Amino acid sequence: MFGKRKVDILGQNTVNFSEIDKDIKVEIATLGSLDIFTNAHILGVVKYTTMICETLSLDAETSKSLILAAYLHDIGKIMIPPQVLQKPDRLTEDEYEIMKMHTTYGYDIVMRYENFRYLAPAVRGHHEKLDGSGYPDGLKGKDIPEEAKLIEIADIYDALTAKRQYKEGMSPSKAVGIMLDDVEKGKLGSKYLYYLLLNIVDQYEETIINDKREIDKLEEDIMTLRELDDIYKQIYDQGYTKKLENTLKRYNLPSGYDVTKNTSALIAKQNRMEHVKSEYKEYKLELSKLKKQLHQSRKKIKLIERNVKLYGKRVL
Ligand SMILES: [Fe+2]
Ligand SMILES: [Fe+2]
């Protein structure tokens, strides 16, 4: 209903990994083996960045640059001592200062590769805040690279919603609520949040439609299985009468079909029904919250922001 403009992200726009410099791949792999949670986080940020590219209908080249920047955004973490990077408890102030350095380390690493230098500002700037309270450079508003602002939305959304061994993931609407608070405080822009939400809302709508279809089909199946159950009960009570035999024929049963199969099918379908119905209810509630937030974030997009360039191309 919000008119997502689909682009062929899985076709022409897919990042071709063979094109990625081998050394960078090795570094991504090193990052993965160093800290598996960071690795899952990177895949999450790549996913949400791709979703934003999709709703913005970005061309293949621009999408590829952003997705690559998403892969590399935390590459500087390979320079952070494991005792800080993998510390399960809250970081001390000193440790936090060390952790923050992953932005400049990442910048230095990416700058070493001529082909990827253009991604370095996005890597460096993905923790900057519009009001200048971010790091490493305390950049404000327009001085923050546009690409960094986009990656930042994907980064925060993943950090809040992802389920990790040490924490539960937040629901999308709870995470977006927190992000909208930061929009309100002037720390975050809302436009890429809006485009991410557009995609999330679409996915929720799709799931809800599929759930509804499945519920209808299950209802039909359960009804039939119950009817069959009744017939079997009557056969048990009255024996095989001509009438019951004819009724059974209507069901087009495979040979060897018996009452135990019928009962276990009925139980399986009822269990599935319970599961789909609860997901349907939960998703509907979540969708209504997300739609409100979508409108809220759209209202916050400033008119002045309607001349946005990503990697040299105008996107808004
Ligand atoms: Fe980061
Ligand atoms: Fe990150």
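Analyst: Let us begin with how an angle between helices is read: axes are lines fitted to C-alpha atoms over the stretch in contact, and the angle runs from 0 to 180 degrees between N-to-C directions. In this predicted model, the axes of H10 and helix H11 (residues 242–249) come within 11 Å and cross at roughly 155°.

User: What makes H10 and H11 roughly antiparallel?

Analyst: Angles over 145 degrees count as roughly antiparallel. The crossing angle here is roughly 155°, and therefore H10 is roughly antiparallel to H11. The crossing is left-handed.

User: Which residues make the contact between H10 and H11, and how do they divide by class?

Analyst: H10 contributes Ile 231, Gln 234 and Ile 235, while H11 contributes Leu 244, Thr 247 and Leu 248. By class, four are nonpolar, two are polar and none is charged.

User: Why are H10 and H12 called roughly antiparallel?

Analyst: The axes of H10 (residues 191–238) and H12 (residues 259–300) come within 7 Å, with a crossing angle of roughly 155°. The cut-off is again 145 degrees, so the two helices are roughly antiparallel to each other. Their crossing is left-handed. The residues of this contact comprise 24 nonpolar, five polar and 14 charged.

User: What makes a group of residues a nonpolar core, and which residues have the most contacts inside the largest one?

Analyst: The members must be buried residues of the listed nonpolar kinds, joined through C-beta atoms within 7 Å. The largest such core in this protein has 55 residues, and Ile 52, Leu 196 and Leu 197 have the most contacts inside it. Among the elements giving two or more residues to this core are H2 (36–55), H3 (60–72), H8 (146–161), H10 and H12. H10 gives the most, with nine residues.

User: Which residues does Leu 197 contact, leaving aside its neighbours within four places in sequence?

Analyst: Leu 197 is in contact with Val 176, Leu 290, Gln 293, Leu 294 and Ser 297.

User: Why is Ser 57 called partly exposed, whereas Tyr 311 is called buried?

Analyst: A residue is buried if 20 or more other C-beta atoms lie within 10 Å of its own, exposed if 12 or fewer, and partly exposed in between. Ser 57 has 14 such neighbours and therefore counts as partly exposed. Tyr 311 has 20, so this residue counts as buried. Across the protein, 30% of the 316 residues count as buried.

User: What makes the backbone at Ser 57 and at Tyr 311 worth a remark?

Analyst: Most residues other than glycine have a negative phi. Ser 57 is not a glycine, yet its phi is positive, about 55°; Ser 57 lies in the loop between H2 and H3. Tyr 311 likewise is not a glycine and has a positive phi of about 45°. Its place is in the loop between strand E1 (309–310) and strand E2 (313–314).

User: Is the peptide bond from Tyr 135 to Pro 136 cis or trans, and what is its omega?

Analyst: That bond is cis, with omega near 5°. Most peptide bonds are trans. Pro 136 lies in the loop between H7 and H8.

User: How many helices and strands does the protein have, and where do the strands come in the order of elements?

Analyst: There are 12 helices and two strands.

Technical notes: Residues are numbered from 1 along each chain as its sequence is written. Chains are lettered from A and ligands numbered from 1 in the order in which they are written. This is a predicted model: local features need pLDDT of at least 70, side-chain atom pairs count only at pLDDT 80 or more; totals for chains, interfaces and linings use all residues. Helices (H or I, at least four residues) and strands (E, at least two) are DSSP runs, numbered from the N terminus. Angles under 35 degrees count as roughly parallel, over 145 as roughly antiparallel, 65 to 115 as roughly perpendicular and the rest as oblique. A crossing is left-handed if the near helix is turned anticlockwise from the far one by less than a right angle, and right-handed if clockwise. Ala, Val, Leu, Ile, Met, Phe, Trp, Tyr, Cys and Pro count as nonpolar, Asp, Glu, Lys and Arg as charged, and the others, Gly among them, as polar. Two residues are in contact if their C-beta atoms, placed from the backbone, lie within 7 Å.
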